[in-house]
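The following questions and answers examine one protein chain, moving from its overall form to individual residues. Please consult the sequence and the structure shown here.

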Amino acid sequence: MTSIAPLPRLVVFGEALTDFVRTGEASWRSVAGGACWNVARVAATLGLPTGWGGAVSEDFLGREIVDKSREAGLDLRFLQVVARPPLVAMVHELSPPRYFFLGEGAADLAFDAARLPAGWEAACEFAHFGCISLVRQPLGAQLVALAQRLHAAGVPLSFDPNCRNLMGADYPPLFERMAALARVVKLSDEDLRHVYPSLPVDQALARVRGLAPQAVLLYTRGGEGMSVHPPGGAGFEQPAFAVPVADTVGAGDACVGGFLASLLARPDAGLAGHARFAAATAAVACTRAGAYAPTRAEVEALLASA
């Protein structure tokens, strides 16, 4: 008799897409990506049973995401393939990044939470949300409602705004709505400026803390490291690991994926241990071009050598 695999401990909801990166005047390179899918792939590659809840196209771009999801060990019962065009990001400049999205009627919008495997909510120990999926309708409204339902059921939530140019002047109320549901809020210095452009950093972080008094706040600053703010306690700094950097694509996704994997797989490591593991995961991701998903062996090797 064939055994049925247990349902995943972590489920990540949101977009997967294909980046078309300009490499010359008339040449482009396609790369499977998407912030939420990256988070899921990182956690799964680190060995945590993880599902990615999203929809992709049935063409060759969607098949690449399915293949890479399988390679990472993601639970494919959560991935939906639909007869819609792919979601695409056209990255026409790299420094600084400049991009636009092609996604009218795209596959990501067809995700249907009602098709998820029976019993998944009871098995889920953490659910993650973020990035452009929350502002692409009707997907965004469905995911916010799902986050609210999980929160009401006592499932801890993680939230990474991962702001992009689709988040306009009406985004801060949505950010605050999601932050108020979360037990982990990871946001970068760029995110904080995007959401609260007129507030100094300390005041902006205090506002987030007021919204989410029970959350761990991870405030990342690239090569300067991150500050970790536990609920009801003093914050501390987690320096970035010194590594040879190929690029920083997906480093933030690797950070939150590493943090959630550590939180669930190493419950006795303590907050400082989880933050250090997250920073090491992000650092390893930076040593490889593109949104690389580090293995546990690579992360542990960096931690041992530091």
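**Overall form and selected residues**

Q: How many helices and strands does the secondary structure of the chain come to?
A: The model discussed here is a predicted one. Its secondary structure contains both helices and strands, and the count comes to 10 helices and 13 strands.

Q: What percentage of contacts between residues at least 6 apart in sequence join residues at least 24 apart?
A: A contact requires heavy atoms within 4.5 Å. Among such contacts in the chain, counted for residues at least 6 apart in sequence, the share joining residues at least 24 apart is 68%.

Q: How far apart do the centres of the positive and negative side chains lie?
A: The chain carries 25 positive and 29 negative side chains. The centres of these two sets are separated by 3 Å.

Q: Which residue in β3 is the bridge partner of L17?
A: Strand β2 spans residues 17-24 and strand β3 spans residues 27-33; the two pair in the antiparallel sense over 7 bridges. A hairpin of 2 residues joins β2 to β3. Within this pairing, L17 is bridged to G33.

Q: Is I65 buried or exposed?
A: I65 belongs to helix α2, residues 60-72. Beyond four places away in sequence, I65 touches A16, L17, T18, A32, W37 and V56. The cut-off for burial is under 20% relative accessible area. I65 has 3% relative accessibility and therefore counts as buried.

Q: How far apart in space are I65 and G34, C-alpha to C-alpha?
A: In sequence, I65 and G34 are 31 residues apart. In space, their C-alpha atoms are separated by 10.0 Å.

Q: What is the relative accessible area of T220?
A: T220 lies in strand β11, residues 216-220. Leaving aside residues up to four places away in sequence, T220 touches K186, L187, S188, D189, G225, M226 and C255. T220 is classed as buried because its relative accessible area is 12%.

How values were computed:
Residues numbered from 1 in each chain as written. Predicted model: local features only at pLDDT ≥ 70, side-chain atom pairs only at ≥ 80, totals over all residues. Heavy atoms only, no water. Helix = DSSP H or I, 4+ residues; strand = E, 2+ residues; numbered from the N terminus. Lys, Arg positive; Asp, Glu negative; His and termini not counted. Charge placed at Lys NZ, Arg CZ, Asp CG, Glu CD. Pairing = 2+ DSSP bridges. Buried < 20%, exposed > 50% of the residue type's maximum accessible area, 1.4 Å probe, protein only.
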